Structures are given as structure tokens and as C-alpha cells.
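I opened my notebook on a new structure today. Here is what I looked up, entry by entry.

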Amino acid sequence: MALDRYEWLGRLANRLPEDCLVMSTYIGAVSFEWAHHTEEHHRTAHLGQMGDVIGMAVGLALALPHRRIVCLDGDGSVLMELGQLVAMGEQQPDNLVVFVVDNGVYESIGWSRQGRRPTATAGHVNLAAIAAGCGVPYTVDVTAEDELDAEIELAFSRNVCSFINVRTRPGHSHVRPRRTDGIEDKYRFVRYVERLEGIWITGVPPQDIALMKDRKG
């Protein structure tokens with residue numbers, strides 16, 4: 001069995017903790033549909049490079065240990081850099097929950113004359129098992145809606161570093177492509193975090209502002 005991506009992303013969006021931050025792959029329909037379900041909320045950072053989303057989420061979770069971090073990635077992206085799972089298992093941030101859209105194909109970048117190119121998860125590879133082998137405390141392979149609902153509730157009711165692989169049916173996006181790019185996404189996410197945390201991340205350094213205030217004439 002496998003779930004419909006648009007439908008299950010909507011279920012997750014509806015249960016998202018209000019004060020969490022999200023790091024999502026920008027590649028293809030995952031980003032498009034997630035942005036649609038969340039109305040482009042600035043709490044989500046959309047990352048355009050395959051193979052770095054989980055690693056970036058681990059870093060964010062370590063930097064903000066008091067805040068829930070949710071990560072959305074695809075099977076092709078995870079397979080591109082399995083070292084991310086090593087970092088996740090080594091650090092084990094208990095405020096991080098990773099959801100993987102595992103549809104067994106390179107749907108966004110892997111089309112050929114024969115159709116979608118399969119990823120390794122279309123065969124014998126199990127990403128949840130790999131994550132467990134890398135030391136991630138809680139991993140699960142989800143194939144049904146009731147399982148997903150239970151895992152979402154569990155993920156947001158406890159503090160355990162978790163990797164939730166959701167077997168998903170391939171299919172075209174149900175929404176139009178997004179019109180923003182990675183640069184715009186980055187800055188609006190950073191500004192949101194600055195306001196949320198009351199911290200300074202980018203812009204004119206505070207010491208330079210002090211110098212300008214001291215300037216005479």
C-alpha cells in the first residue's frame with residue numbers, strides 16, 4: 001500500500017505545532033503542495049539542493065533545541081547523501097522529526113522515454129532501516145493512513161529524534177508550481193526566525209550600527 005502525497009501532506013499540515021519550524025525540499029511537488037497546504041507560511045524554509053535537507057534540519061535543531069523542527073524530504077534526495085542519516089543518528093536531536101515522501105521514483109528530475117526512473121527504494125532498499133542502522137532512535141516505514149495519523153500524533157506528543165518514511169504513490173502535483181525562488185525563501189524564513197527568537201542573524205552587524213550612531217557630523 002501507498003498514500004497519496006497531496007492528501008497526506010495536508011494531514012500533516014493540519015497537525016503541525018504552531019510554534020515549530022519546517023525545512024522542506026524545494027524539489028518538485030513536495031514543495032508546491034506543502035506551500036499550498038500551509039498558505040506559504042514563513043515558518044518553512046524551502047531548500048533547493050538535493051541531499052542536504054536533513055543535514056540542514058539537524059543543524060537547525062541543534063541551534064534551537066527548545067523548538068520543534070520538522071523536516072520534509074524525498075527518497076531521491078535522501079539517497080543522494082546518506083551521510084545525513086549518519087549525522088542525524090550521531091547527534092540525535094530530540095526536537096527533530098523527519099518525514100520522507102518515498103514514492104520510489106525520481107519524479108521531478110528523472111524522466112526518460114520509458115517514464116519515471118525508479119529510485120533504489122522501488123526495490124529492496126528501506127530508508128527507515130538505514131536510518132535505524134545509523135543510530136536514529138525512532139524509525140518507521142508507513143504504508144497506510146491510520147498508521148500515518150498515529151505516527152504524527154506520536155511525533156508531536158514526545159521528544160524523540162524520529163525518522164518517518166511514508167510510502168507514497170507517484171503522481172503529478174495537484175497544484176501549480178511555486179513562483180518564489182530559493183533566495184526569496186531563504187530571507188523570508190530567516191526574518192521569521194529572527195522575529196520568533198528575538199535574535200540577529202543577517203544584515204548590518206550590531207557593532208557597525210553602534211559605530212554609525214557614534215558618528216559625528
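I began with the salt bridge, defined as a side-chain nitrogen of Lys or Arg within 4 Å of a carboxyl oxygen of Asp or Glu. The model is a predicted one: local features need pLDDT of at least 70, side-chain atom pairs count only at pLDDT 80 or more, and totals for chains, interfaces and linings use all residues. Residues are numbered from 1 along each chain as its sequence is written, and side-chain values use heavy atoms, with hydrogens and water left out.

Entry one. I found Arg-15 in a salt bridge with Asp-149, with 3.7 Å between the closest N and O atoms. Arg-15 sits in the loop between helix 1 and strand 2 (21-25) and Asp-149 in helix 7 (residues 145-155), so the pair ties together parts 134 residues apart in sequence. I took helices (H or I, at least four residues) and strands (E, at least two) as DSSP runs, numbered from the N terminus. A network of salt bridges links Glu-7, Arg-11, Arg-15, Glu-145 and Asp-149.

Entry two. How many salt bridges does a search of the whole structure find? I noted 14.

Arg-5 pairs with Glu-33 in a salt bridge, the closest N and O atoms being 2.9 Å apart. Are these two buried or exposed? Arg-5 is buried at 4% relative accessible area, and Glu-33 is buried at 0%; buried means under 20%, exposed over 50%, partly exposed in between (1.4 Å probe, protein chains only).

Arg-191 and Glu-194 form a salt bridge at 3.1 Å, N to O. Both lie in helix 8 (residues 182-197), three residues apart, about one turn of the helix.
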